[in-house]
Amino acid sequence: MAFLFQKFQEAVKTLAKSPVFAREPRHLQFEADINRLFLYTRGRNAEEADAEDIIDMASKASLEDQQKQVQDNIHSQIKTFCNTLDGLLLSDSKNMNELPESCSQATPRRSGLSFAVGRDGPHSDNSAVPQTKPLKPAELSQSFKDHIGYTLDIKPSQIPHKDAGQGLFLDGAADVGAVVALYPGVVYIPAYYQYIPGYPRVDVHNPYLITRYDGTVINAQPWGVGGENRELWDGFSITEVRANVQGAVGGSDRIWKLLSKPLEAKRWGSGQDMLERRNPLAFAHFANHPSKGMSPNVMVCPYDFPVTEKDMRPYIPNVLFGSSQEVKMKRFGSFWFKSGSSDKSELEAHVPVLKTLVLVATKALSDEEVLLNYRLSNSKRRPAWYTPVDEEEDRRRWS
C-alpha cells in the first residue's frame with residue numbers, strides 16, 4: 001500500500017501544476033483528499049496486483065462517484081462497529097427495534113443547563129430504550145478490541161512539547177483505510193455559527209473545534225472523555241478535560257467573552273438524542289499534530305450519517321444544533337449569509353444526514369500515537385508547537 005500511495009502523491013503533484021486548478025486551489029485540495037480517501041478505503045486489504053487497477057479506477061471515477069464510494073466504505077465499517085457494540089451492550093444481543101416493550105427503560109439524564117439542540121422534524125422515540133449491560137468504559141473498550149482488533153486510549157502525548165498535553169493512542173492493530181476514531185460533539189452548520197460558545201472568537205479557549213470543507217463545524221468540548229452509560233445527551237453538558245493546547249482567560253479576554261456571548265439557544269426548542277457515552281472510538285478530538293520529524297498517520301474524512309439508520313444512531317457521538325431543515329448559505333469572504341429557503345423537492349430527494357467526521361488510517365498502525373495533520377491556516381499566526389507537514393496543502397486548504 002505504501003508504494004500505491006507514493007504513486008498517487010506523484011499524480012497529485014502533477015495535477016497541482018494544472019492552470020485549471022491553480023485558479024481553484026481549495027477545490028484542488030478537496031479533490032486530492034477525496035482521491036486519497038478513495039484509494040485508502042478502496043485499497044483496504046487489497047493485494048499488490050490490484051494496485052494499478054485501483055489507481056486507474058481513481059483516475060477515471062468522477063469526484064461525485066469517489067465521494068459516494070468513500071461514504072459507502074466508511075459506512076460499512078461503522079455499521080460493523082455498531083453491530084459489535086450492540087452485541088456487547090444489549091442484554092439480549094438483539095436489535096433495538098426488536099426489543100419487547102417490557103424491556104427496562106433507561107432513565108434520561110439531562111444537563112444542568114437548559115440550552116437545547118432544536119429540531120423541526122420528528123424527535124427520536126426514546127420511550128423504549130433498551131437496558132444496556134453495566135459495563136465500565138474500560139471493560140467495553142477491551143471487549144471491543146477483542147472483537148475488532150483495536151481500541152483507543154488517552155494518555156500523555158509523546159510529542160516533545162510542553163503544550164502537547166493528552167494524546168490519542170491506538171491500542172491494537174489497524175489496517176490502512178480503517179476508521180480508527182469518530183469526532184464527537186455538537187454539529188453547527190454555517191447558519192448557526194453565532195451560537196457557537198465564545199462567538200466570534202470561538203477558538204480562543206476551545207482547541208476542540210474542527211471544520212469540514214462544506215463549512216460544518218463540530219465542537220467536541222462538551223463531549224469530553226465520554227461518560228459511564230447510555231444517556232439522553234443535549235450537547236451542552238461541558239465536561240472539563242485537559243486541553244491539548246494550554247490557555248488561560250486573562251482580564252481583557254474575559255471582558256471580550258462577555259461582550260461576544262453567543263446568542264441564547266433556548267428558542268430553538270428541546271431536542272436531545274440517546275447516545276452511548278461509553279463509545280470506545282469517540283475520541284478523535286484528542287489526536288495531536290505531529291512534531292518536526294514526525295508524520296501524520298491518519299487523515300480527516302467527512303462522513304454523512306444517514307439518520308434513518310435508527311439502530312446505529314446511539315453510536316454516532318454527535319447532535320445537531322438548530323433546525324434539521326437544510327438552510328442554503330452563500331459565502332462572502334469569511335462570512336456566510338442565508339440565500340433563501342431550500343428547494344423542497346430537492347430536499348425530499350435526499351436521505352437526511354448528520355454531517356460528521358472520522359479519522360482514517362493512512363498507514364498500518366500498531367500500538368502507537370494517532371497523529372493528525374491540523375493544517376492550520378498560514379494567514380494567521382500559528383502556535384509555537386505547530387510545524388507544517390505540507391505548506392502547500394495548508395495554503396490550498398484555506399485559500
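**Entry 1: isoleucine 218**

I began with isoleucine 218, which counts as buried because its relative accessibility is 0%, under the 20% limit for that class. The model I am reading is a predicted one. I located isoleucine 218 in strand E6, residues 217–219. I then listed its contacts, setting aside neighbours within four places in sequence. Among them are Tyr183, Pro184, Gly185, Val186 and Val187, then Tyr208, Leu209 and Ile210. Asn318, Lys355, Thr356 and Leu357 also touch isoleucine 218.

**Entry 2: the protein as a whole**

I noted the overall figures next. The protein has nine helices and 14 strands. Of its 399 residues, 45% are buried. I recorded an accessible surface of about 20,400 Å², and carbon and sulfur atoms hold 51% of that surface. Among contacts with a separation of 6 or more, 79% join residues 24 or more positions apart.

**Entry 3: the sheet E3-E13-E9**

I turned to an open sheet of three strands, ordered E3-E13-E9 with antiparallel pairing. Which strands stand at the edges? They are E3 (179–182) and E9; each has a single partner strand, so one side of each lacks a neighbour in the sheet. Neighbouring strands in this sheet are turned by 40 degrees against each other on average, direction ignored.

I followed the pairing of E3 with E13 (residues 353–361), which is antiparallel and runs over three bridges. In this part of the sheet, alanine 181 stands opposite leucine 359 of E13.

I also looked for helices lying across these strands. Helix H3, residues 25–42, lies across E9 and E13 and runs at about 85 degrees to E9. Helix H5 lies across E3, E9 and E13, and its angle to E9 is about 80 degrees.

**Entry 4: methionine 312**

I found methionine 312 in the loop between strand E9 (298–306) and strand E10 (318–320). Leaving out residues up to four places away in sequence, I listed its contacts as His75, Ile78, Lys79, Cys82, Tyr303 and Phe305. The C-alpha atoms of methionine 312 and aspartate 86 are separated by 9.0 Å, although the two residues are 226 residues apart along the chain.

**Entry 5: helix H6**

I tested the length of helix H6, residues 137–148.

Which residues of H6 are buried? I found Leu140, Ser141 and Phe144 to be buried. They cover an arc of only 100 degrees around the axis, which means that they lie on the same side of H6. I set this beside a general point: an α-helix has 3.6 residues a turn, so residues three or four places apart point the same way.

The face of H6 turned away from its buried side carries the exposed residues Ala138 and Asp146. I then asked what the buried residues of H6 pack against. Their partners are helix H5 (63–89) and strand E1 (150–156). Lastly, I noted that glycine 149 follows H6 and has a positive phi, near 110 degrees.

Notes
Residues are numbered from 1 along each chain as its sequence is written. This is a predicted model: local features need pLDDT of at least 70, side-chain atom pairs count only at pLDDT 80 or more; totals for chains, interfaces and linings use all residues. Side-chain values use heavy atoms; hydrogens and water are left out. Buried means under 20% relative accessible area, exposed over 50%, partly exposed in between (1.4 Å probe, protein chains only). Helices (H or I, at least four residues) and strands (E, at least two) are DSSP runs, numbered from the N terminus. The arc is that of the directions from the helix axis to the C-beta atoms. Contact means heavy atoms within 4.5 Å. Accessible areas come from the Shrake-Rupley method with a 1.4 Å probe; for residues, only the protein chains shown count as cover. Two strands pair if DSSP finds at least two bridges between them. Axes are lines fitted to C-alpha atoms, for helices over the stretch in contact, and angles run from 0 to 180 degrees between N-to-C directions.
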